[in-house]
Amino acid sequence: PAGPGGVAVPRAGLKKLALPPDYSGITIPEKPKLKFMDKVPAVPKVQREPRQLRDIRGPSQVATDFTEGQYGILALGGGYLHWGHFEMIRLTIGRSMDPKNMFAVWRVPAPSKPVTRKSLGHRMGGGKGPIDRYVTAVKSGRLVVEVGGHCEFGEVQPFLARVAQKLPFPAVPVSRESLQEMRREEEEKRLDNQNPWTFERVVTSNMLGMRKYLSPYDLQLKGRYWGKFFLKHRV
Amino acid sequence: AVAAKMAALGGGGTRWRQAWLPTLQLLRRGSKAVTRHWKAMHLQRQKLMAVTEYLRPRPALPPRCLPRPSPQGQQEDGQARVLRRQVEETLRASRMVAVCQYNSMPDEDLATFRHYLRKHDIHVKFVLNEIVRPVLEQSKFRNLLPLFVCRNILLVSPEPRAREMLRVLRGVPQVNLLGACIDETILSRRGVENFAQLPSLEVSQGQTVAALSLLSSQTSSLLQRGPAHLTALLDEHIRRLRDTGGATEPPPG
């Protein structure tokens, strides 16, 4: 606001009274805290499974959207979650949330994939090691936990950020709106890219014989994923 | 040669296939596709990633050089509407509207100030510029707009009591009179002081009536001036005759 002489006159205007948020459609279930996840499944596996790291690679097809809650933790990379991570998540969220007004829900299954480990200090050979622990595979773009209730993102974000930092893959706390915003920005970026040469175009038409140096999976991954990592800045 | 090639390829079938898998894949390179560490990319792949990076759209004119878009779609605040209506009513109902600059005062001093003004039937109203400005633009007080810049108050009253208002304001240094609109006449500070020194309406009305009737009151005395002069002369003459000789009879008449 300019006063006489063009000098800006700072002033406090009328206070804009915002209505409190409407939580009418949200019911808090009976057991609002996170369920306890077993270290070992009820029927432990006898047969040792091959590594199959392809369950870490690429974008996730399951649990990418919100179901019950309003806020959650989004994985931005692939990784394995074992019982220690589950306990950390369960206890931290259980400690920081208010069970009367908030509830939390798992979006990943209990560990079921057996991972072997050879005893330390021995040479190669002698067969596959025994089962060390069980893990769950998480791909990028998957929600790990969901939190909801009569609360706002600002209340939930601090402890979700602390949990997300401790996970073995990069993760961020998100809300429904922020996830939508993220997707919209990604789409906008893809549309208003000024570079006529995109990874997808080069790979699908095999320009300059690039497919010799790329994997057949790059047709689907389109240069946004490298191993278990998700490259956020790409396209 | 063909048979050897077939055997080396491990094609399985006997049919000659156009597409073939390289025997020595890149398994030489050591690690698998998915690793815990950041796997080093082939140089060609690095070049491809560098070429296919995202390029931000750069408009010819940066957006900060363009004029700022005016804030659009402001929701009409109910409270603002109520306050605007109140301001309109006060402006309509009062004959005297004085705009003063307000600097922060202690609360008790403010209460005393309001009390003194209330005794002379002058009301103190705190107004927000962002509400008053649109109201003034639409009403007839358009010329008061330059006064509503800083923090200000309105002293409104249904009667033009300028003298008492100035007396109270003189005692309060934190409130400065900027201008006033009395009986639909905009006055500056000097104008208000002059207005205060004017006599009140009844006195001035009496003075006007007296001035107008002055000439008519003089008419009767003007008309009687001739005969009055004659009467005075004759009386003087009689007196002189009486003084000179009492024997001489006065002339008839």
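How many bridges pair β1(A) with β6(A), and in which sense, parallel or antiparallel? The two strands pair over three bridges, in the antiparallel sense. The model is a predicted one, in which local features need pLDDT of at least 70, side-chain atom pairs count only at pLDDT 80 or more, and totals for chains, interfaces and linings use all residues. Residues are numbered from 1 along each chain as its sequence is written, chains are lettered from A and ligands numbered from 1 in the order in which they are written, and side-chain values use heavy atoms, with hydrogens and water left out.

Helices (H or I, at least four residues) and strands (E, at least two) are DSSP runs, numbered from the N terminus, and two strands pair if DSSP finds at least two bridges between them. As a bit of background, strands of a sheet pair through backbone hydrogen bonds, either parallel or antiparallel.

In chain A, β1 belongs to an open, antiparallel sheet of four strands, in the order β3-β6-β1-β7. β3 (102-106) and β7 (171-175) of chain A are at the edges with a single partner strand each, so one side of each has no neighbour in the sheet. From one strand to the next, the twist averages 20 degrees (axes are lines fitted to C-alpha atoms, for helices over the stretch in contact, and angles run from 0 to 180 degrees between N-to-C directions).

Strand β1 (residues 71-75) of chain A also runs antiparallel to β7(A), joined to that strand by five bridges. A:Leu74 faces A:Val172 in β7(A) and has A:Leu143 as its bridge partner in β6(A), while A:Ala75 sits opposite A:Ala171. As for cover, five of the five residues of β1(A) are buried (under 20% relative accessible area, with exposed over 50% and partly exposed in between, using a 1.4 Å probe and protein chains only). A:Tyr71, A:Ile73 and A:Ala75 point one way from the strand, and A:Gly72 and A:Leu74 point the other way.

Helix α1 (residues 83-96) of chain A lies across β3 and β6 (143-149) of chain A, at about 170 degrees to β3(A). Helix α3 (residues 176-191) of chain A packs on this sheet too, touching β1 and β7 of chain A, with its direction at about 110 degrees to that of β7(A).

Chain A has another open antiparallel sheet, with three strands in the order β2-β5-β4. Its edge strands, β2 (79-82) and β4 (113-116) of chain A, pair on one side only, and the twist averages 55 degrees from one strand to the next. Four bridges link β2(A) with β5 (residues 131-138) of chain A, and A:Leu81 has A:Thr136 as its partner in β5(A).

Now for chain B. B:Arg45 lies in helix α2 (residues 43-51) of chain B and is buried, with a relative accessible area of 1%. Its side chain makes a polar contact of 2.8 Å with the side chain of A:Asp218 (a pair of N or O atoms within 3.5 Å; within protein, one must be able to donate a hydrogen and the other to accept it, and residues adjacent in sequence count only if both atoms are side-chain atoms). Leaving aside neighbours within four places in sequence, B:Arg45 is in contact (heavy atoms within 4.5 Å) with residues including A:Tyr225 and A:Trp226. A:Tyr225 counts as buried, at 10% relative accessibility.
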